[in-house]
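I opened the model to look up a few things about its fold, its surface and its contacts. My notes follow in the order I made them.

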Amino acid sequence: MTFAVFQSRPIEDRLALAGPLARRVALPVMLLAFLSIAPAARADVGATIIERCTHGQSLSGFSRQD
């Protein structure tokens, strides 16, 4: 009876996910992700204010700019 023996590749042959290129790319990718999320959260404030107005609730906690 024979058994298959799996051997992992040496570390040098694997794709380096923590190399210098990954570190240089990680920060811009995280900044783009953050900037794409921020406007969506800001746009939701207007909808919240309108909803509170229509239900007769207090508008405290919002700035005049909102």
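I count a contact when heavy atoms lie within 4.5 Å. On that basis I looked up Val45, leaving aside its neighbours within four places in sequence, and found it in contact with Phe62 and Asp66. Val45 and Asp66 are 21 residues apart along the chain, and their C-alpha atoms are separated by 6.9 Å.

The model is predicted, so I note its limits: local features need pLDDT of at least 70, side-chain atom pairs count only at pLDDT 80 or more, and totals for chains, interfaces and linings use all residues. Residues are numbered from 1 along each chain as its sequence is written, and side-chain values use heavy atoms, with hydrogens and water left out.

Next I checked the secondary structure, taken from DSSP runs numbered from the N terminus (helices: H or I, at least four residues; strands: E, at least two). Val45 is found in helix α1, and Ser60 lies in the segment after α1.

Is Val45 buried or exposed? I take buried as under 20% relative accessible area, exposed as over 50%, and partly exposed as in between (1.4 Å probe, protein chains only). Val45 is buried because its relative accessible area is 18%. Ser60 has a relative accessible area of 56%, so I list it as exposed. Ser60 and Ile49 are 11 residues apart in sequence, and I read 9.9 Å between them in space, C-alpha to C-alpha.

Last, I looked up the chain as a whole: buried residues make up 5% of its 66 residues.
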